[in-house]
Amino acid sequence: MAALPVQSRTMSSYVTLRRSVTNHVVTGVAIVSTILVLVPLVAIFGYLLYKGASSLNLAFFTKVPVPVGEPGGGMANAIAGSGVILALASLLGIPVGIGAGVYLAEYARGTWLGAAVRFTADVLNGVPSIVMGLAAYALIVAKQQHFSGLAGSVALAIMMIPTVTRTTEEMLSTVPKSVREAALGLGIPKWRTVISVSLRTASPGIITGCMLAFARVAGETAPLLFTAFGNQFWSFDLNQPIAALPLQIYVYALSPYDEWHRLAWAGALVLIVMIMASVTLVRIFANRGVLKGGN
Amino acid sequence: MKEPETIPTSQAPSKPAEATPDTAAPIPKMRAFVSNVAAGPEPATTVGPSVIRNFLQAKSSGRVADGAFTVLMLLCGLSIFAIVILIVFVLVTHSELSIKAFGWHFFATRTWDPVSGDFGALPFIYGTVLSSLLAVCMAVPLALATSIFLLDICPKFLRGPISFLTELLAAIPSVVYGLWGVFVLVPIMRDQAGPILEKYLGWTGFFVEPNFGVGMFTAGVILAIMIFPVISSISRDVMRAVPVNQREAVLALGATRWEMLRIGVLRNARMGIIGSVILGLGRALGETIAVTMVIGNHAGIVKNLFAPGYTLASVIANEFSEATGDLYLSALIEIGLALFLVTIVVNAIARLLVWAVVRENAGGAH
């Protein structure tokens, strides 16, 4: 009679011990893997800062690339080219994306068509960027018979649309119904309500979403490989091959020249700083409400 | 729970918008309202007419503008379908030559010989699948462990910074990963990690010298770093969507933290976690630039992970600009088409899984 409780007590203490050990082991594993994940992150940023900062100079921002063997040169044309391509891409992609977001949030809530558009946008978001480049090549470059900045912009614009759509929709759905109903109750037509009430209320979030989409495509190389193609000289002609910062980094990184490697590191640092800075700045301004838009 | 809320709101916007233009009644009421709210008579006279004028203008133009605006927004929404259809259409028309020449054998042939015009995509499919699986195998345990750490173990003051840092990984452009891979990761793989792997795991046949640093394994590592933020952030969302009372119920039965996570959280969120893994897989399948820079770009099907490889995306990136001849170009575009269709299917499955979990738990939580 006495044996049973003793045995069960030792059994239960053994089980408790095992459970507690497992618990601690799992906790340890979780902590260690988080540290493991942070290592490459710190390594990437640290190395980028170290290599990039030591190779940056004024010439990088003011000169165009020089032929192999000559020291110096910069990526001024690539920075400008990226700016032109991205500006056109935003011009094409953001309005359509916001429109689709408005449609989803204000007109298609709960309908099957809305669900289908939302789902397609999500799926389109996961399509590889190189495929967008191929599509833009087939659409524009193959017809025109020459590479062009325009084709690059179209590829990037297509990539921006799904991201902008989904963030716009999410931000619009945070606008309280009562605000919309108040506007509609005053007899303001729906289109005016959407533009002046819903979109304006949600504008900080939408601007942030657009900036995130912008930041995502700003670093893209694959869609530009055979659309914008790159250019060693100054060019702002969207109908011609045009230089872009990520493309230039890609070409220089794979080259066998130390001088070009140096420029690639400098370019990578500039690219990352530009992306981070644009996102952070707009976030700050959007949160402050400065960009909420006057009347 | 949500049904009764959504029905009135979907009707509400259309009713007043259509009803008010027919009745002139709101105008005097509104003037009275404005003058009541305003402090004195002077603001009322300045504010009143302009409000009414705006109202009248809006009223007169409301119906046409409303219709036009609705159609415009609908077109924007439908443009997303149009983009998908357009991509498929142009890719199919431009790869017609290769589809006709090789048929389905294209995806089962090992030769890739631009000189004699003989093309088969099997080595690239092998490379894509192998590098992506390697990446998923490395990234998933780390991502899940980090999610658990951030949700349940991490002290509050560290939670924000660490999750911000992991999200930062997602903001680094592919080409920067590639640059870092070429100059930092490749030497490490060649000189430090390679010999260790060869010594202890060489017997498996997966890690055999010569090891030049560039190859399938390095590509897998860099892909793992790149897809980590996707898996981690979505699996965290899914785990967070599990109702709190599930956790509390398991804890109340005397479970340890790990048991609570296993029984209460991971089991409930498993479909969504699988979805997040598939989303990461989808990203790995299509990742181009970083992989192209470190994988070695050599078509072949070998077991050795140190050997250079080639993926669907990297063969397009590497050979498209130099491709001569229509058949060569159309074979590369057919590879792009295959990549597009595969990633569409993979992403669709993943989205459905994540959506199912989040919706189910959102419904059960309230």
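Colleague: In which helix of chain A is A:Ser12 found?

Modeller: This is a predicted model. The helix in question covers residues 3–55 of chain A. A:Ser12 is found in helix H1.

Colleague: How many Å apart in space are A:Ser12 and A:Met75, C-alpha to C-alpha?

Modeller: In sequence, A:Ser12 and A:Met75 are 63 residues apart. In space, their C-alpha to C-alpha separation is 70 Å.

Colleague: Which helix of chain B gives the largest share of the side that touches chain A?

Modeller: Chain B has 81 residues in contact with 80 residues of chain A. The largest share of that side of chain B is 22 residues, and these come from residues 41–94, helix H4 of chain B.

Colleague: How many residues on the side of chain B that touches chain A are nonpolar?

Modeller: That side of chain B includes 6 charged and 21 polar residues. Its nonpolar residues number 54.

Colleague: What is the domain assignment of chain B, and how many residues of domain 2 are in contact with domain 1?

Modeller: The assignment gives domain 1 as 3–94 and domain 2 as 101–365. Domain 1 of chain B brings 4 residues to the contact. By class, these are 3 nonpolar and 1 polar, with no charged residues. On the side of domain 2 of chain B, the number in contact is 5.

Colleague: Are H7(B) and H9(B) parallel, perpendicular or oblique?

Modeller: Helix H7 (residues 156–171) of chain B packs against helix H9 (residues 216–241) of chain B with the axes 8 Å apart, at an angle of about 130°. Angles over 145 degrees count as roughly antiparallel and 65 to 115 as roughly perpendicular. The angle of these two helices therefore makes H7(B) to H9(B) oblique.

Colleague: Which residues of H9(B) make the contact with H7(B)?

Modeller: H7(B) passes H9(B) in a left-handed crossing. From H7(B), the contact has B:Thr166, B:Glu167, B:Leu169 and B:Ala170. The residues of the contact divide into 6 nonpolar, 3 polar and 1 charged. From H9(B) come B:Ile225, B:Phe228, B:Pro229, B:Val230, B:Ser232 and B:Ser233.

Colleague: What share of the residues of chain B count as buried?

Modeller: Chain B has 14 helices and 2 strands. Of its 366 residues, the share that count as buried is 43%.

Definitions and conventions: Residues are numbered from 1 along each chain as its sequence is written. Chains are lettered from A and ligands numbered from 1 in the order in which they are written. This is a predicted model: local features need pLDDT of at least 70, side-chain atom pairs count only at pLDDT 80 or more; totals for chains, interfaces and linings use all residues. Two residues are in contact if their C-beta atoms, placed from the backbone, lie within 7 Å. Helices (H or I, at least four residues) and strands (E, at least two) are DSSP runs, numbered from the N terminus. Ala, Val, Leu, Ile, Met, Phe, Trp, Tyr, Cys and Pro count as nonpolar, Asp, Glu, Lys and Arg as charged, and the others, Gly among them, as polar. Axes are lines fitted to C-alpha atoms, for helices over the stretch in contact, and angles run from 0 to 180 degrees between N-to-C directions. Angles under 35 degrees count as roughly parallel, over 145 as roughly antiparallel, 65 to 115 as roughly perpendicular and the rest as oblique. A crossing is left-handed if the near helix is turned anticlockwise from the far one by less than a right angle, and right-handed if clockwise. Domain bounds come from an automatic or database domain assignment. A residue is buried if 20 or more other C-beta atoms lie within 10 Å of its own, exposed if 12 or fewer, and partly exposed in between; C-beta atoms are placed from the backbone.
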